[in-house]
Amino acid sequence: MNLMKTIQPNEIEEILFHFSSSMFSMESEEEILWDMVRNCISILGFEDAVVYLLDESGEYLVQKAALGPKNPEGNQLLNAIKIPVGKGVTGKVAQTGLPLIVPDTRKEPAYIKDDQFRLSEITVPILLEGKVIGVIDSENSEIDFFTTQHVRILLSVASIYAGQIARIRAEKKAKAEQFERWKIQQKAARLQIEAISAQLSPHFVFNSLNAIQHYILTEDKRSSLRFLSIFGKLLRYFLLQLQKDSVLVSEEIQMIDWYLQLQSLRYGEKLRYNVISKGLMEYPQAKIPSIIVQSLIENLLEEQIHLSDGNLGIQIEFSLEKEKVNLKVLINNKVKAKGQNIDSDYFKSITSWQDYISLLNEIRPFEITSKVGLQTCPDEIDECKAVHIRFPNLA
């Protein structure tokens, strides 16, 4: 007997009100879907009902909840199947977004048998913001069991539950976005801590103080005062830059010169350097992300200088453009030439400049790119390690 024929309009409104009022405390799509089949469709006197949702690809319908033979107990679903969009009755409805009644499945070429063969079928779309996200499907052993009234109620049910699915998805998206913001904040804090560690590292500070002490003990007053002056300027510069995301290229060039002056005072003729800038007059306000340049130079020196025999040169070249700032660094490739590994504990402990680039690109839309290779050194004799970095001009 078709029970739907005995339900009056006022009873339908009560049923729909029951549906809508029972789900506001639900916190997952799974709860919503099982409630749809268990507390809603069962009231309509159906023999079975299955809810499908589109998968992430949007190409397949996947069974998510069921009432009837496919649901032996609890929230179990036996032999859940996937149906391509456009195939079968459910696939057609997912494709067109229109409900469909099949009075006699024996005359429907698109009919797909699931757990058992039945003689009639009804399928309605679940729409969210005008797009199909799934379908409600029911079959019955009687011919011509389903009516247009079933369609109207199921469409109302689908609309009510689609609203709840939208709520849950919006809450899930908001939580995911909040978590992503939290992760970015944590990474930004980590970056700041690592920047402080890199720029004010005990290794750099102690080596500088030892060098100053050496000049004082050897009564080289001129060198000790020069070293102390440059060391103070560098410390002041690092402290002022800690809270900044970007820095003037002109200031970075000055910082590099100070830093390499200190290293030259420490290593003497073992180290030679040259800093070149192109386009600085045209773009005096050019800015780049902070941290990376100092980290790069420190990484390269620590990697190569302990193998140097008095012939280590480093050339740093900035080329400024309206949208980009290009940095090219060449340094004698002593590591490859001598075939040795780097044993320096300090080198192993410092964060690589590549890590800083990856982290900055992740937490800021900088799109910094880098490339490492080999090329002939400016003296056209030795082989140099070449690092190319392209920054956005943040002016």
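Buried residues are those under 20% relative accessible area, exposed ones are over 50%, and partly exposed ones lie in between (1.4 Å probe, protein chains only). This structure is a predicted model, in which local features need pLDDT of at least 70 and side-chain atom pairs count only at pLDDT 80 or more, whereas totals for chains, interfaces and linings use all residues. Residues are numbered from 1 along each chain as its sequence is written, and side-chain values use heavy atoms, with hydrogens and water left out.

**View 1. The aromatic residues F46 and F146 are both buried.** Rings of Phe, Tyr and Trp (its six-membered ring) pair if their centres lie within 6.5 Å; planes under 30 degrees apart count as stacked, over 60 as edge-to-face and the rest as tilted. By this rule the structure has 5 aromatic pairs. The ring centres of F46 and F146 are 5.4 Å apart and their planes stand at 85°, so this pair is edge-to-face. Because F46 belongs to the loop between α2 (29-40) and β1, and F146 to the loop between β6 and α4 (148-199), the pair ties together parts that are 100 residues apart in sequence. Helices (H or I, at least four residues) and strands (E, at least two) are DSSP runs, numbered from the N terminus. F46, F145 and F146 form one aromatic cluster.

**View 2. Y237 and F238 form an aromatic pair whose planes stand at 65°, so it is edge-to-face.** The centres of the two rings are 6.2 Å apart. Y237 is buried, with a relative accessible area of 10%, and F238 also counts as buried, at 1% relative accessibility.

**View 3. Strand β6 (residues 131-140) is mostly covered, with 9 of its 10 residues buried.** Two strands pair if DSSP finds at least two bridges between them. Strand β1 (residues 49-54) runs antiparallel to β6 and is joined to it by 4 bridges; here L53 stands opposite G134. Strand β5 (residues 120-128) is likewise antiparallel to β6, with 9 bridges, and its I126 stands opposite G134. β5 and β6 form a hairpin with 2 residues between them, and E129 in the turn has a positive phi of about 55°.

**View 4. An open sheet of 5 strands has the order β8-β10-β11-β13-β12 and mixed pairing.** The edge strands, β8 (271-278) and β12 (369-376), each pair on one side only. Neighbouring strands of the sheet are turned by 15° against each other on average, direction ignored. Axes are lines fitted to C-alpha atoms, for helices over the stretch in contact, and angles run from 0 to 180 degrees between N-to-C directions. β8 and β10 (residues 312-320) pair in the parallel sense over 8 bridges, and K278 stands opposite S319 in β10. Helix α7 (residues 249-267) packs on the sheet, touching β8, β10 and β11 (324-332), and its direction makes about 170° with that of β8. Contact means heavy atoms within 4.5 Å.

**View 5. A disulfide joins C377 to C384, with an S to S distance of 2.0 Å.** A disulfide is a pair of cysteine sulfur atoms within 2.5 Å, and the structure holds 1. The torsion about the S-S bond of C377 and C384 is about 110°, so the disulfide is right-handed. Both C377 and C384 are buried.
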